[in-house]
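Thanks, everyone. I have one model to walk through, and I will keep it brisk. Here it is on the screen.

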Amino acid sequence: MEELLTLKDLLVKGDVQRALLIVEELTEMSRNYIIKTIRNYAVILLFHLIKQQAENRTTRSWEVSIRNSVREIQRENKRRKAGGYYLTPEELLEILLEAYLNAIDEATLEVEGRYEPEELEKLINREEIINRALTLILPGESN
């Protein structure tokens, strides 16, 4: 909130250069929040895709969780007023790759059998899971 008050004060004073710096800072803060939110949902999405592949089965709750995670990622990524998206497909892929390690750690707690992350990774195809997640997330794909 303090940044907005400072921004207003700078604009009233006509200090456009410093005002633009604050706008850039606010934009970066907003973008970081969106990325963090998308990453959190990506962990949940990947977690369930990993479980599906590792156990070669699915459940209704996993399917619902996958759909909900995809919807939330799409919702967070969509620019409501300006149109378009905050993150490109390449940036979404990068987030999925970052979230993958957390998802593997979470999956080791629930996949049938007891696995360390390294053992679980040998049972699944990382590239296939990441590509499946990206396909589900990208706009225009049927979910």
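Start with Leu-4. Leu-4 is found in helix α1. Helices here are DSSP runs of H or I, at least four residues, and strands are runs of E, at least two, all numbered from the N terminus. Leu-4 has 47% relative accessibility, so it counts as partly exposed. The cut-offs: buried is under 20% relative accessible area, exposed is over 50%, and partly exposed lies in between, with a 1.4 Å probe and protein chains only.

A word on the source. This is a predicted model, where local features need pLDDT of at least 70, side-chain atom pairs count only at pLDDT 80 or more, and totals for chains, interfaces and linings use all residues. Residues are numbered from 1 along each chain as its sequence is written, and side-chain values use heavy atoms, with hydrogens and water left out.

Back to Leu-4. Together with Met-1 and Leu-5, Leu-4 makes a nonpolar surface patch of about 360 Å². Patch residues have over 30% relative accessible area and no salt bridge; like charges are joined within 9 Å, and nonpolar side chains (Val, Leu, Ile, Met, Phe, Trp, Tyr) within 5 Å. The areas come from the Shrake-Rupley method with a 1.4 Å probe, and for residues only the protein chains shown count as cover.

Next, the salt bridges. In general, side chains of opposite charge can pair when their charged atoms come close. The rule here is a side-chain nitrogen of Lys or Arg within 4 Å of a carboxyl oxygen of Asp or Glu. How many salt bridges does this rule give? The count comes to seven. I will show three.

One is in α1. Asp-9 and Lys-13 pair through their side chains, at 3.1 Å from N to O. Both sit in helix α1, residues 2–13, four residues apart, about one turn of the helix. Asp-9 is partly exposed because its relative accessible area is 36%. Lys-13 has 60%, so it counts as exposed.

Another is in α3. Arg-75 bridges to Glu-72, with the closest N and O atoms 2.4 Å apart. The two are three residues apart in helix α3, residues 60–77, so about one helical turn separates them. Arg-75 is partly exposed, with a relative accessible area of 42%. Glu-72 is partly exposed too, at 23%.

Arg-39 forms a salt bridge with Glu-98, and their closest N and O atoms are 3.1 Å apart. This pair links distant parts of the chain: Arg-39 is in helix α2, Glu-98 is in helix α4, and they are 59 residues apart. Arg-39 is partly exposed at 27% relative accessibility. Glu-98 is partly exposed at 37%.

Stay with α2. This helix covers residues 16–55, which is 40 residues. From first C-alpha to last, α2 reaches 58 Å, close to the 58 Å expected at 1.5 Å a residue. The expected span is 1.5 Å times one less than the number of residues.

Two C-alpha pairs are worth a look. Tyr-33 is in helix α2 and is exposed, with a relative accessible area of 55%. Tyr-33 and Glu-76 are 43 residues apart in sequence, yet 9.7 Å apart in space, C-alpha to C-alpha. Ala-99 lies in helix α4. Is Ala-99 buried or exposed? Ala-99 is buried, because its relative accessibility is 0%. Ala-99 and Ile-38 are 61 residues apart in sequence and 9.5 Å apart in space, C-alpha to C-alpha.

What follows α2? Asn-56 does, with a positive phi near 55 degrees. Most residues other than glycine have a negative phi. Asn-56 is found in the loop between α2 and α3. At 72% relative accessibility, Asn-56 counts as exposed.

Asp-105, Glu-106, Glu-116, Glu-118, Glu-119 and Glu-121 form a negative patch. Two elements give two or more residues to the negative patch: α4 (89–108) and α5 (117–123). The largest share, three residues, comes from α5. Asp and Glu count as negative and Lys and Arg as positive, while His and the chain ends are not counted. The place of a charge is NZ of Lys, CZ of Arg, CG of Asp or CD of Glu. Glu-106 is in helix α4. Glu-106 is partly exposed, because its relative accessibility is 41%.
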